[in-house]
Amino acid sequence: MLEQLLIFTRGGLILWTCKELGNALKGSPIDTLIRSCLLEERSGAASYNYDAPGAAYTLKWTFHNDLGLVFVAVYQRILHLLYVDDLLAMVKREFSEIYDPKRTLYHDFDDVFQQLRKEAEARAEEMKKSKQVSQPISNNMGKKQGQVQKSGIQGGNKKKSSGESGNDGEDGENLKGRKIENGHTNGKNFAADRLPSMGNVNGKENVSSNNGAFDVNKLQKLRAKGSKKVDTVTNKSSKEEPKKKVTKKNRVWDDSPKESKLDFTDPVGENGDENMVVVAADEGESMMDKDEIVSSDSETEEEEDAGKDSKIETKKKGWFSSMFESIAGKANLEKADLEPALKALKDRLMTKNVAEEIAEKLCESVAASLEGKKLASFTRISSTVQAAMEEALVRILTPRRSIDILRDVHAAKEQRKPYVVVFVGVNGVGKSTNLAKVAYWLQQHDIKVMMAACDTFRSGAVEQLRTHARRLQSHVRSGGISLVKNCAFTVEFIEIPIFEKGYEKDPAIVAKEAIQEATRNGSDVVLVDTAGRMQDNEPLMRALSKLIYLNSPDLVLFVGEALVGNDAVDQLMKFNQKLADLSPSTNPRLIDGILLTKFDTIDDKVGAALSMVYVSGAPVMFVGCGQSYTDLKKLNVKSIVKTLLK
């Protein structure tokens, strides 16, 4: 049975709950649904599973976008209730008729809900009975059909032997057992005669079971067509000539004249080789030119999208009706109206390096938020969809919590303990370099930093950190002398200590001792450098999980390349999964934030940032955009969204 059914507004005001379903829910499934699904633009999904201690719930929902209402049903996952979708649709229809924005109490809806619930349960019972009755009928049909096929094979063999002896006469009686192609008999008359008698169960005609049973006529036709296709394919393949060997294409330089052919062993007059080379060159050039045009000019894309929308609308309706709708506004947006604009947006997001699955989910979420809404006057569907997508992207990329590290550092300093940041990621993404950038940024705010060399695996990792510390000291020293009215003053020399224990040591123990040392010498922040590891390397991932579990860092930063695109998404997902699976804690620590490196090398292919935030929920806290220590900045959400939709 249902555990709970709620109706609330998009602003969070609960309008109605069923009093009879007032069971105490374990955990907070509704809050989790809003926080991790509806607000994260995952509302296009069919359902959401919530696991709580001692209970497992499934949540289903629907929207009334024009009124701004949300309808949510909660039930035990083990029950597999079939009537929930139907019940939500009926509740949505009935409640929207009595909804008044000024009202906040709807006690009179209890009786209506009881009636709707009984109707939905009765429909579900009828569907279940019809399925149970149709299953044995379909099994019997399969057995009968198998017997007919066997008899047809035998009859076909007999017919072959009689045909060889010279009997070519054809009667009406012989046609019934005549062999058709691929060795099957014409047994459809036999099955059709038995079909009405088998549909009569307990003296009642089961109409739905007849509809769900096998259609023997269609099955025999499909098999006959399949056999004909196989025969035609085999005949064509036998007639085809063997392919000629493809010769290597000549390299063409810009200044040199084109040569017809360098290999004179074959005759020049063969048309096959020449045509093959020309077609391959044309396909490559057209694809390259098309990509350059699409990526360079955004205005032409908007014009093409608008032209497509107008063509589709003029095909469905006349010019006058479409003009009238643009002035008066469309009554309600339907899914068919949104599909062309959503498809264009999906293709655009994929060209910006957004993962295909994520682009699909975003479009489904936008469609769910717009379906049923009324289109404003003098507004195109494409512009409405784009505005909704822009709001969704801003909502996803905007952090859900505070990412002010300086404030957190000062809060930890008041508690007299260091603020610990652990940098994790795969090999070669720039963990050590960006650790030095973060250290330089913290130094500018008068924060004492300590580096912990916990990369005890890679050769030269400790020496690399030493070099960064030496260069950062020289940066502070050169920037600490200034002249004001011919008077020079110096800033106190800040030294960056490095805690190291050499190589082939346990990184978790090294990090623990580094934190203890930072507490003794009064360091404000400990930046922990870890070894690069692939997400599928279980021993190294187990060591990383141990380091995080023993030291409980304040911030776990995943360092990923923006250059690799969707590979970084796979790395982030598997890092989170391994940290959750290999942690000995019941509440494992996952990735808290993302640091994207090499962001200056991707031009407008910024989709990896969106994909990584979408799959993990962790915000992008830093963006590396150059080679020097000053090339570290925060993510500009508006700029990213503008680039994605450009």
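Reader: Which strands does helix α14 lie across?

Author: In this predicted model, helix α14 (residues 405-414) lies across β8 (419-424), β13, β14 and β16 (620-624), and runs at about 135° to β8. Helices (H or I, at least four residues) and strands (E, at least two) are DSSP runs, numbered from the N terminus. Axes are lines fitted to C-alpha atoms, for helices over the stretch in contact, and angles run from 0 to 180 degrees between N-to-C directions.

Reader: And α20, what does it touch on the sheet?

Author: Helix α20 packs on the sheet by touching β14, β15 and β16. The direction of α20 makes about 165° with that of β15. A contact means heavy atoms within 4.5 Å.

Reader: How many residues of α20 are buried?

Author: Eight of the 10 residues of α20 (residues 607-616) are buried, where buried means under 20% relative accessible area, exposed over 50%, and partly exposed in between (1.4 Å probe, protein chains only). Among them are Leu610, Met612, Val613 and Tyr614. Just after α20, Gly617 has a positive phi of about 80°.

Reader: What is the strand order of the open sheet of eight strands?

Author: The order is β12-β9-β13-β8-β14-β15-β16-β17, with mixed pairing. β12 (498-499) and β17 (632-633) stand at the edges with a single partner strand each, so one side of each has no neighbour in the sheet. Two strands pair if DSSP finds at least two bridges between them.

Reader: How many bridges join β14 to β15?

Author: Five bridges join β14 (residues 555-561) to β15 (residues 593-597), and the two strands run parallel. Gly560 has Leu596 as its bridge partner in β15, and Glu561 has Thr597. β8 and β14 also run parallel, joined by four bridges; there, Val421 has Leu555 as its bridge partner in β14.

Reader: Is β14 enclosed or open, and which way do its residues point?

Author: β14 is largely enclosed by the rest of the structure, because seven of its seven residues are buried. Leu555, Leu557, Val559 and Glu561 point one way from β14, whereas Val556, Phe558 and Gly560 point the other way. In a regular strand the side chains alternate between the two faces of the sheet.

Reader: Changing topic: where is Ser523, and what does it touch?

Author: Ser523 is in the loop between α17 (507-521) and β13 (525-529). Ser523 is buried, with a relative accessible area of 9%. Not counting residues up to four places away in sequence, Ser523 touches Pro418, Lys448, Met450, Pro497 and Ala518. Its side chain also makes a polar contact with the side chain of Asn521 (2.9 Å). A polar contact is a pair of N or O atoms within 3.5 Å; within protein, one must be able to donate a hydrogen and the other to accept it, and residues adjacent in sequence count only if both atoms are side-chain atoms.

Reader: What is the mean pLDDT of the protein?

Author: The mean pLDDT, the predictor's confidence in each residue from 0 to 100, is 74, and 65% of the residues reach 70 or more. Over residues 155-214 the pLDDT is below 50, and this stretch has 55 contacts in the model beyond near neighbours in sequence. Where pLDDT is low, the predicted coordinates should not be read in detail.

Reader: Which conventions apply to the numbering and the side-chain values?

Author: Residues are numbered from 1 along each chain as its sequence is written, and side-chain values use heavy atoms, with hydrogens and water left out. Local features need pLDDT of at least 70 and side-chain atom pairs count only at pLDDT 80 or more, while totals for chains, interfaces and linings use all residues.
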